[in-house]
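Subject: Handover of a structure, with findings

Dear colleague,

My findings are set out after it, and I would welcome your comments.

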Amino acid sequence: MSTQNTYASHYDFKQVESKWQQRWEVNNAYQASEDADKEKYYVLEMFPYPSGRIHMGHVRNYSIGDVVARYKRMRGFNVLHPMGWDAFGLPAENAAQKHNTHPAKWTYENIDYMRSQLKQLGLSYDWQREFATCDPDYYRWEQKIFIEMYERGLVYQRVTTVNWCETCQTVLANEQVIDGACWRCDELVEPRNMNGWFFKITHYTDELLDDLQALDGWPEKVVTMQNNWIGQSTGLTCDFKIEGSDEAISIFTTRPDTIFGVTFMSLAAEHPLLETLTQGTDREAEVADFINAIIKEKQRQSIQEEPEKKGMFTGRYCVNPFNGESVPIYVANFVLMEYGTGAVMAVPAHDQRDFEFARAYDLPIKPVVIPQGTTLDPEMMQEASTIPGTLVNSGQFSGLDSIAAQSKIINFAWKQGFGAPLTTYRLRDWGISRQRYWGAPIPMVHCQDCGVVPVPLEQLPVLLPEDPDTSSDECRPLSQRPDFVGTVCPACSKEARRETDTMDTFVESSWYFARFACPDSDDTPLDKDKSAYWLPVDQYIGGVEHAILHLLYSRFFTKVLRDLGYLSIAEPFTNLLTQGMVIKDGAKMSKSKGNVVDPDLLIRQYGADTVRLFSLFAAPPERDLEWNAQGVEGASRFLNRVYRLVKEFSNPYVVAPEPSAPEDTALQRKLHQTIKKVTYDIEDDFHFNTAISAVMELFNTLSSSLGSATRPGAAPDTVSGSIRTMLLLLYPMVPHFSSELWQMMGFADTPEEQVWPTYDDEKAKEELLTIVLQVNGKVRSRIEVDADVQDQQLRELALTDEKVLRFVDEKRVKKVIVVKKKLVNIVV
RNA sequence: GCGAGAGUGGCGGAAUUGGUAGACGCGCUGGUCUUAGGAACCAGUAUCAUUGAUGUGUGGGUUCGAGUCCCUCCUCUCGCACCA
């Protein structure tokens, strides 16, 4: 070290970052391949929709994933860290129409740009595995899976009600209907019955529910949300015979203990028995009008408001099988046909909705469950009583505890033959038909003679027609294209029509993580060996907004793919990290609020490492991150300080003739403490914010223990060793920076070729401890003692401490509490 | 309404198991160097009173000791929302 080196006074991130990015690119540095000798680690971030450019949420998400990937590589894992594009979807069609281009062109151009943005962030992806879901090489396999699901009865067609916009001539998704109107043209949407394709996710309801319990690597919140979504409830189903008819109304209740309190019956407007109930009676027209009115009203309802309870007597009665009482049958607007049986036994005394309805229509209220120490007077009740109690007016069950009575009542119904235990779910089958162009075509053919016939596997993929004249204003654009629609029946070779619906884009994202294990596999969707090696995903990272849909669908698909013989796992994601939003000025970034921060600008101004560092430092990953321009400045300043330290150190390092032994051990101690802390923080819960602050502390100690000609410091070897380790600890978060400074330190290799630093607990131990001395729980003094101090010594030191004595004064010492190596509390 | 989570300086946030509240960073204040500095470095920074008191949304409780545990209430965020 005889000559001064010539490093710039400021860290030149532009030159450094492009240098390392080029090197990683040329070397395919993060290419992964199966290696039976190494433990695999699959880390995945939710892939983006190629909307045009990445946003700060992506920056955060992918920075977190990259730290995990780089860290795990240094820990010796064989890491798979892929990236791709969730590339089908409506925005492409809208953009194509607006800019007079083709959805494919728009999408692939966006992908090219966004890929370059991700590369500028220095993310360590295996780019060899990249694919977009709109690649025919991807969706052809999805079509194959679809057909195999069809053959197993997991796919079916059903006529269902959709939101139709007459002006736009298209079907809208629920979220595209705002206050009952089309989001684009404000036309009121109307219900239309349409044939659509469904995935039988309900076939896996129990498994989806049961396996949730084993997902202990998932945030509880997400597990709870999925639990609620599946919505299991258990209870009794039983039949109420209709008077003057052979038919009966089936009800479902979770409160069989209240069944003696039934005073009327409520049916959904769509209930199939309604028509026959009023047929030929003088109420027929009136009831029919009412039904139409509430069905119409339902469609106009905004999702927010809860309408007033409305209903109408049908003129007919049914019989409560438990007590033979005759109860009037009503149609009611709050009963859902989709849930349970579409019929509700109404117990106004113990159900708030029934209560409101009874009050409005002057129906009797009959309490049958009396809570301990109360009485219930139907006249006086202000609301339904929903708490448990003792049964009254309940025949042979009177006197029983209401909870205990539930199973007895179900049993009784079962034995008598008019009821049975029943478990119902909220989860519905997944409607995947989209009447759009830019999606994966559903590989089916409609033949007049043979009905629905799958496209033969050897004819896959069913490609989207390439014509660029797509107009997204048409419903089912594919049906407008004779060249696409016209085909022959695979079974009988007669003329036939192709299915013109495309699949929901959530289908693509339900299995992409598996395809990353074998993106080039060209004879099967999933190579068994490769997916067996890489799957499941060890760590999945993404926004909590996908807690239900994407994550539930992926779990469903994993089970399907297992049953189709492709996978040997039941759950796709062992550990899940849901990161918070990036917000600014307390609000989510959005164009309308004008608080959007552009990653491109930031990277240009500060470099990728600074942006990464700040987004990791400003908050723990699961919390929302408040973006703060000055905070970014601070991150940049920190990196520059480290740069200058290394620069200075790699110059001839002047030390005092005798390094200071205390300084030296203090630095070593801090070093080992830092390794321990950073390792723990990353390993335990990805709390990079505290890991970074620990490295900052190490840096502060390091810069104050540099020796000079006039001041003794730590030994040069200790300093250089500490710098070296600090760079390794920083590497996963700021890889370009760390790699460059590693070379400045004179090493020929790179940090990523190093193993993660280890610590020595002995060296991390403090020699001196600060002991807090309290009197009556209040801190009165602090003393420094040797680390091996005994409790008895502490006690004596405390009782003779000058400051302590001032507060003990003449009072009697009642008790002395000694907490090992921490504090002494004197109670007077 | 139901369910979950969260309330700590001017700000973002720290605080393994109940044991020094406010780490680290931002901002701010003062200083050094500078023609200048929005650069860098040094010192300070919870609040109020100038030796002490008070402080983790509110009020209570348990404890020698509570940000941490229990109860009450308030506020915010998210999810579900007529689910029988």
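Predicted model: local features only at pLDDT ≥ 70, side-chain atom pairs only at ≥ 80, totals over all residues.

Domains

Chain A is divided into three parts: domain 1 spans 233–424, domain 2 spans 599–764 and domain 3 spans 768–827. Taken over C-alpha atoms, the centres of domain 1 and domain 3 are separated by 70 Å.

The surface near RNA strand B

There are 58 residues around RNA strand B, and those that come nearest are Thr-253, Gly-340, Gln-630, Gly-634 and Gly-777. By class, this surface comprises 24 polar, 19 nonpolar and 15 charged residues. Which element gives the most to it? That is helix 19, with seven residues. Several elements each supply at least two residues, among them helix 7, strand 8 (233–242), strand 9 (248–253), helix 19 (629–650) and helix 21 (688–704). Strand 29 (768–775), strand 31 (815–819) and strand 32 (823–827) likewise supply at least two residues each.

Helix contacts

Helix 7 also takes part in a helix pair. The axes of helix 6 (residues 205–212) and helix 7 (residues 220–230) come within 10 Å and cross at roughly 155°, which means that helix 6 is roughly antiparallel to helix 7. The crossing in which helix 6 passes helix 7 is left-handed. On the side of helix 6 the contact is made by Thr-205, Leu-208, Leu-209 and Leu-212, and on the side of helix 7 by Val-223, Gln-226, Asn-227 and Ile-230. Five of these contact residues are nonpolar, three are polar and none is charged.

A second pair is formed by helix 3 (residues 90–98) and helix 4 (residues 103–120), whose axes come within 8 Å and cross at roughly 110°. These two helices are therefore roughly perpendicular to each other. Ala-92, Glu-93, Ala-95 and Ala-96 of helix 3 make the contact with Pro-103, Trp-106 and Thr-107 of helix 4. The contact has five nonpolar residues, one polar and one charged.

From helix 20, Asp-664, Leu-667, Gln-668, Leu-671, Thr-674, Ile-675 and Val-678 meet Thr-718, Ser-722, Thr-725 and Leu-729 of helix 22. Five nonpolar, five polar and one charged residues make up this contact.

Backbone features

Most residues other than glycine have a negative phi, and most peptide bonds are trans.

- Leu-460 and Pro-461 are joined by a cis peptide bond, with omega about 5°. Pro-461 lies in the loop between strand 20 (451–454) and helix 12 (482–485).
- The peptide bond from Leu-535 to Pro-536 is also cis, and its omega is near 0°. Pro-536 is placed in the loop between helix 15 (528–534) and strand 24 (537–543).
- Asn-393 is not a glycine, yet it has a positive phi of about 50°. This residue lies in the loop between strand 15 (390–391) and helix 11 (402–416).

With kind regards

Technical notes. Residues numbered from 1 in each chain as written. Chains lettered and ligands numbered in written order. Axes fitted to C-alpha atoms, helices over the stretch in contact; angles between N-to-C directions. Helix = DSSP H or I, 4+ residues; strand = E, 2+ residues; numbered from the N terminus. Parallel < 35°, antiparallel > 145°, perpendicular 65-115°, else oblique. Left-handed = near helix turned anticlockwise from the far one by under 90°. Contact = placed C-beta atoms within 7 Å. Nonpolar A, V, L, I, M, F, W, Y, C, P; charged D, E, K, R; others polar. Near = placed C-beta within 6 Å. Domains from an automatic or database assignment.
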